[in-house]
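Biologist: I would like to learn how to read strands, sheets and helix packing here. Please take me through them.

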Amino acid sequence: MLAQDEITHEEKTGTLQRNHAPTWAEARQLAFRCAAPLSSVATSLDQAIGCILDHDVAARQDLPHYASSAMDGWAINGEGPWNLTVAGRRLYAGEASVIATGGLIPAGATSVLRKESGSVSGAGCLSLRSDAKPGETLPGRHIRPAGEEATAGDILIPAGTLINPAHLALAAVAGHDQLHVQRKPRVAVVMTGSEVVTSGEPAPGQVRDAFGPQLDAVIPQLGGVPTGQLRIGDSYQEWLTALDGDGEGRRPEVTITTGGTGKSGTDHFRAAVVALGGRLLLDGVAMRPGHPAVLAALPDGHFIIGLPGNPLAAMLALMTLGEPLLAALGNRTPQEPTPVLSGADLEPTPGKTRLVPCSVVHGLVFPASHTGPGMMRGLAWADGYMAVPPEGAAAGEPVPVLPLPWTSPVSSTIPDGRRLPWHG
Ligand SMILES: Nc1nc2c(c(=O)[nH]1)N[C@H]1C(S)=C(S)[C@@H](COP(=O)(O)OP(=O)(O)OC[C@H]3O[C@@H](n4cnc5c(N)ncnc54)[C@H](O)[C@@H]3O)O[C@H]1N2
Ligand code: MOO
């Protein structure tokens with residue numbers, strides 16, 4: 001939801017009165033600060049994977065909750081020989097009964113004798129084999145005591161943990177059927193453009209859709225839950241209907257649109273937001289590519305991110321606005337840039353941060369090739385993206401680098417870790 005205390009006067013009145021677009025760093029900060037974390041939700045174990053735990057998970061009873069046999073053999077009382085009795089009954093001195101691995105230790109048992117350490121006579125008398133290992137009948141031998149792993153009330157998984165498959169098993173064996181987790185923002189995608197085709201080779205004047213295949217895959221990587229994709233043409237009415245949610249004003253916490261951020265007659269993002277009573281929190285960012293990106297809030301406190309139509313521009317705008325917004329809604333911290341020494345001279349772009357897919361080779365960062373605003377080739381192989389400051393950077397100077405949602409964090413090559421004067 002929209003963070004009420006972060007709404008400025010400009011935003012309340014629905015008018016953005018900036019004379020210049022925010023810097024890339026300001027835009028990221030705004031996208032993070034405009035949203036408050038969603039509430040927590042109780043969920044079944046299978047739905048909790050990859051979620052952040054909101055309440056501690058404690059052992060409901062001792063783990064294991066009863067003393068059990070660690071071996072197949074006999075539960076015994078005292079030193080042998082033993083008279084065999086019915087399994088499960090209390091054992092008195094000199095008695096034994098058959099037990100399997102995991103079986104409940106009967107009252108009176110002092111230890112478990114492994115099958116290979118005993119022999120039974122025809123008369124039902126159990127005796128220790130002469131080749132049995134020493135100490136086989138010592139008290140507690142081959143018994144797994146109750147509470148060996150945890151005592152009732154022990155915190156097994158603290159709040160804040162990112163749930164992995166083993167955590168699910170631990171919660172289950174500790175007696176839990178549900179977990180309280182941080183709710184993830186639901187994210188709908190609305191793709192615009194009557195020239196966009198979704199299969200085969202496009203004809204001249206058509207383009208093959210670059211967003212359908214990747215957005216629902218990247219949304220979970222950014223901590224969101226995709227709720228579906230809608231394709232519309234270029235008319236204002238289609239925009240209005242698409243952004244109006246289910247027709248009764250219900251919509252997911254975030255809607256991502258693609259295309260229509262320009263200011264031509266077919267670009268209806270802003271008009272549709274205003275018609276729905278919403279306001280623009282940010283209209284354009286001083287970056288390249290992706291500068292026409294828009295962030296808006298609707299009266300229900302839900303958000304719309306307008307990504308430009310050019311595919312690389314859109315993905316870098318998603319990293320700039322969507323990554324911090326989804327982090328805020330999911331109660332996580334946004335990605336921080338890491339300083340890495342540049343392996344190449346990077347041209348200045350006065351007044352704009354340049355976002356460039358990049359590769360890291362032997363600790364130096366290099367711009368990828370094929371990184372025009374409409375291209376996907378450079379991004380597909382990149383280790384991350386550089387945020388080249390407006391003044392550029394010479395080879396050997398540090399530049400801020402961020403990972404992509406599907407790449408590993410980039411490690412810093414700056415030896416003393418000193419803070420760099422990032423723009424913005
Ligand atoms: N006169 C100006 N024209 C443009 C400017 C400008 O400042 N002045 N900015 C350019 C930049 S930069 C961008 S980015 C785009 C923004 O355009 P829109 O967000 O309005 O997007 P569209 O016009 O709908 O499409 C742009 C481009 O992207 C292609 N596209 C759209 N959807 C898809 C898709 N699903 N898969 C692949 N490609 C897609 C579309 O065919 C266009 O080629 O405006 C520039 N123009
Ligand atoms: O956002 Mo556009 O280049 O800046 O594609």
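Biologist: Which residue of β21 is the bridge partner of V254?

Modeller: Two strands pair if DSSP finds at least two bridges between them. In this predicted model, V254 has F303 of β21 as its bridge partner. Strands here are DSSP runs of E, at least two residues long, and helices are runs of H or I, at least four; both are numbered from the N terminus. Strand β17 (residues 254–258) pairs with strand β21 (residues 303–307) in the parallel sense, over five bridges.

Biologist: What is the strand order of the open sheet of six strands?

Modeller: The order is β16-β13-β17-β21-β20-β18, and the pairing is mixed. From one strand to the next, the twist averages 20°. Helix α5 (residues 236–243) packs on this sheet and touches β13 (186–192), β16, β17 and β21. A contact means heavy atoms within 4.5 Å. The direction of α5 makes about 165° with that of β16. Angles run from 0 to 180 degrees between N-to-C directions; axes are lines fitted to C-alpha atoms, for helices over the stretch in contact.

Biologist: Which strands pair with β4?

Modeller: Strand β4 (residues 73–76) pairs with β6 (residues 95–99) in the antiparallel sense, over four bridges. G73 has I99 of β6 as its bridge partner. Strand β7 (residues 111–114) also pairs with β4 in the antiparallel sense, over four bridges.

Biologist: How should I describe two packed helices?

Modeller: Give the angle between their axes and the distance between the axes. Helix α2 (residues 24–33) and helix α7 (residues 311–329) pack at about 30°, with axes 7 Å apart. Therefore α2 is roughly parallel to α7 (angles under 35 degrees count as roughly parallel). On the α2 side, the contact is made by W24, A27, R28, A31 and F32. The α7 side includes M319, L321 and P324. The contact residues divide into 10 nonpolar, one polar and two charged. Ala, Val, Leu, Ile, Met, Phe, Trp, Tyr, Cys and Pro count as nonpolar, Asp, Glu, Lys and Arg as charged, and the others, Gly among them, as polar.

Biologist: Where is the pLDDT below 50?

Modeller: pLDDT is the predictor's confidence in each residue, from 0 to 100. The protein averages 92, and 93% of the residues score at least 70. Over residues 6–15, pLDDT is below 50. Where pLDDT is low, the predicted coordinates should not be read in detail.

Biologist: Which conventions apply?

Modeller: Residues are numbered from 1 along each chain as its sequence is written, and chains are lettered from A and ligands numbered from 1 in the order in which they are written. Local features need pLDDT of at least 70, side-chain atom pairs count only at pLDDT 80 or more, and totals for chains, interfaces and linings use all residues, while side-chain values use heavy atoms, leaving out hydrogens and water.

Key
Parallel < 35°, antiparallel > 145°, perpendicular 65-115°, else oblique.
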